[in-house]
Amino acid sequence: QVIWDSIVCLIVDDDKFSRTFVKTALYQIGIKNTKEAGNAEEAVELLHSFKIDVILLDQQMPGKTGIDFVKELRAAGENAKNIPIIMITVDTKEKTVLDAKELGIQEYLVKPISPLALKKRICTAFGLKQERV
């Protein structure tokens, strides 16, 4: 059983406004522990420093894309391999969606997102029934 208010979310997005938006949505559904990264490198550092339960990831970032980041994460092994990842992006290209699926990215949300949609995806990522949360 996942304790909803103890979940730590890592938001990875190069756009500060997007991060704030996601953070607000998380707050509205009761997730108050968030870490923020503006790029893949920052995200990796945070993953080494904190116990992260779920990653909310943007696809289009300068340098490494979200998909690149996940490829590296999965290859790195450790416990980061099993962290559920939810892609939050404006990128709806079929290739991106398929790449994400192939990498085991559980959920895919298209921006702009709603708190309810986010809650649903997080529940699914943790294998929870919506009503238990």
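Accessible areas here come from the Shrake-Rupley method with a 1.4 Å probe. With that settled, the chain exposes about 7,000 Å², and carbon and sulfur atoms supply 54% of this area. One caution before I go on: what you see is a predicted model.

Let me start with the overall fold. The chain has 5 helices and 5 strands. Starting at the N terminus, the order of elements is β-α-β-α-β-α-β-α-β-α.

Next, the dimensions. Along its principal axes, the C-alpha trace spans about 35 × 30 × 25 Å. For 133 residues, a compact globule would have a radius of gyration near 14 Å, and the chain, at 13 Å, agrees with that. Buried residues account for 47% of the 133 residues. If we take contacts between residues at least 6 apart in sequence, 63% of them join residues at least 24 apart.

A word on charge. The chain has 19 positive and 19 negative charges, and their mean positions are 6 Å apart.

Which residues touch the most other members of the largest nonpolar core? They are Leu10, Val12, Leu47, Ile55, Leu57, Phe69 and Ile105, out of 24 residues in that core. Two or more residues of this core come from each of strand E1 (8-12), helix H2 (40-49), strand E3 (54-57), helix H3 (66-76) and strand E4 (85-89). Another core, of 20 residues, lies apart from this one, and its members include Cys9, Val22, Ile29 and Cys123.

Take Ile55 as an example from the largest core. Setting aside neighbours within four places in sequence, Ile55 is in contact with Leu10, Val12, Leu47, Phe69, Leu73, Ile83, Pro84, Ile85 and Ile86.

Then there is Phe21, in helix H1 (residues 16-28). Why is Phe21 classed as partly exposed? Because its relative accessible area is 37%, and partly exposed covers values between the buried limit, under 20%, and the exposed limit, over 50%. Phe21 and Ile105 are 84 residues apart along the chain, and their C-alpha atoms are separated by 21 Å.

Last, a detail of the backbone. Most peptide bonds are trans. Where is there a cis peptide bond? It joins Lys111 and Pro112, with omega at about -5°. Pro112 sits in the loop between strand E5 (107-110) and helix H5 (115-125).

That is what I have for today.

Notes
Residues numbered from 1 in each chain as written. Predicted model: local features only at pLDDT ≥ 70, side-chain atom pairs only at ≥ 80, totals over all residues. Heavy atoms only, no water. Helix = DSSP H or I, 4+ residues; strand = E, 2+ residues; numbered from the N terminus. Rg over C-alpha atoms; globule rule 2.2 N^0.38 Å. Buried < 20%, exposed > 50% of the residue type's maximum accessible area, 1.4 Å probe, protein only. Contact = heavy atoms within 4.5 Å. Lys, Arg positive; Asp, Glu negative; His and termini not counted. Charge placed at Lys NZ, Arg CZ, Asp CG, Glu CD. Core = buried A, V, L, I, M, F, W, Y, C linked by side-chain atoms within 4.5 Å.
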